[in-house]
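Let's take a walk through this protein together. Have the sequence and the 3D view ready, and follow along one residue at a time.

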Amino acid sequence: MDAERAHHLSFSALRLLDSIPLLGRLLRVVCARDTVRPAQVMGLPFPNRVGLAAGFDKNGVGVRALSSLGFGHIEVGTITAHAQPGNDRPRLFRLRKNLALLNRMGFNNDGARQASFHIAAERRKIESLPQRLRPIVGINIGKTKVVEAADAVADYAASTRALAPLADYLVINVSSPNTPGLRDLQSVGSLEPIITAVRDTAAEVVERPRSTLGHVPLLVKIAPDLADEDVAEICDLALRTGVDGLITTNTTIDRGVLTGAEAEFAEGQAGGISGRPVAERSLEVLRLVKRHVGDELTVISVGGVADAKDARARVAAGADLVQFYSEMIYSGPFFPGRIARGLESSRLLTRGTGGA
């Protein structure tokens with residue numbers, strides 16, 4: 001089956017199960033048993049350190065259903081200020097031999113205003129859960145494709161205005177390879193005004209942030225393909241502008257991470273690669289960021305986490321939280337629970353004005 005069609009069918013089935021009270025409770029018992037490993041990060045009470053990366057739930061329509069699999073946080077999006085269909089299909093490919101995905105989705109989503117209605121409805125649903133089981137909701141925002149780079153600041157601010165009141169934390173995505181020119185916004189000169197606009201707009205529209213930090217925590221998601229010196233510059237920028245954390249990393253455009261016939265296939269295809277082949281560079285960037293920022297910023301590690309051992313290695317390298325998406329396609333719906341149960345629970349993470 002086409003990978004995108006399979007995704008929509010499985011996600012719809014999960015949401016249907018969750019909508020039936022008895023089946024929803026059974027799903028949570030089977031998949032999410034014993035996954036509460038409390039972690040206080042960025043002034044927010046995470047049920048555990050395991051999260052779903054952005055890209056799976058693009059419009060925020062299945063937060064409660066996804067939390068029933070054992071996720072402690074769900075990052076929805078990427079959402080843009082204006083609705084857009086994304087790139088032409090097919091645009092999602094399984095690379096089974098490499099246990100990877102290749103996608104060129106192109107931020108297909110309903111737009112910030114419509115997504116805000118979906119997310120508000122999901123927030124009402126998760127309020128029916130016991131406090132300790134309520135997932136943290138992150139919202140990942142990106143640039144609308146038709147908006148020129150010169151107008152990117154206003155575009156990100158528009159998304160923030162609609163979505164920040166619903167977010168436990170916000171993520172600025174400037175690292176997807178599937179929107180032309182987006183990665184150019186990772187340069188310090190382009191990124192700084194975006195950070196400032198998002199931070200200031202969120203402060204304007206959110207009276208009572210859910211975080212004890214006193215504001216909506218703000219993170220930036222970066223690409224694994226940045227040179228080490230560029231990563232260091234973004235770290236310095238984040239520290240200087242009051243960003244609360246970094247997410248390392250997005251998909252890669254490096255076809256050298258693949259092997260065999262799938263590498264040859266990917267050479268002729270646009271898009272970013274996720275899954276196990278990005279693990280090495282993702283871990284490298286995590287360590288680089290951690291050396292540079294110490295405990296002053298939260299770091300979320302995503303990319304190539306294949307089992308609980310990998311997740312523990314990311315935490316040992318300094319990650320406060322761990323996310324994944326591609327591996328669930330290959331390892332199934334019990335995977336989040338296995339990772340959450342496999343992580344050490346002895347170290348509770350706390351966030352004040354600085355680090356963990």
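**Around the annotated sites**

Asn 173 has 3% relative accessibility, so Asn 173 counts as buried (buried means under 20% relative accessible area with a 1.4 Å probe, protein chains only). Before going on, note that this is a predicted model, where local features need pLDDT of at least 70, side-chain atom pairs count only at pLDDT 80 or more, and totals for chains, interfaces and linings use all residues. Residues are numbered from 1 along each chain as its sequence is written, and side-chain values use heavy atoms, leaving out hydrogens and water.

You can find Asn 173 in strand β8, residues 169-173 (strands are DSSP runs of E, at least two residues, numbered from the N terminus). Leaving aside neighbours within four places in sequence, its contacts include Thr 78, Phe 107 and Asn 250 (contact means heavy atoms within 4.5 Å). The side chains of Asn 173 and Thr 78 are joined by a polar contact of 3.0 Å (a pair of N or O atoms within 3.5 Å, one able to donate a hydrogen and the other to accept it).

Now look at the loop between β8 and α6 (188-205), where Ser 176 sits. UniProt lists Ser 176 as "active site" in an unreviewed entry, and such annotations may be inferred rather than shown by experiment. With 7% relative accessibility, Ser 176 counts as buried. Not counting residues up to four places away in sequence, Ser 176 touches Phe 107, Leu 182, Arg 183 and Asn 250.

The UniProt "binding site" annotation, also from an unreviewed entry, covers residues including Asn 173, Met 105 and Phe 107. Met 105 lies in the loop between β6 (100-103) and α4 (112-126), and at 8% relative accessibility Met 105 counts as buried.

How values were computed. Helix = DSSP H or I, 4+ residues; strand = E, 2+ residues; numbered from the N terminus. Buried < 20%, exposed > 50% of the residue type's maximum accessible area, 1.4 Å probe, protein only.
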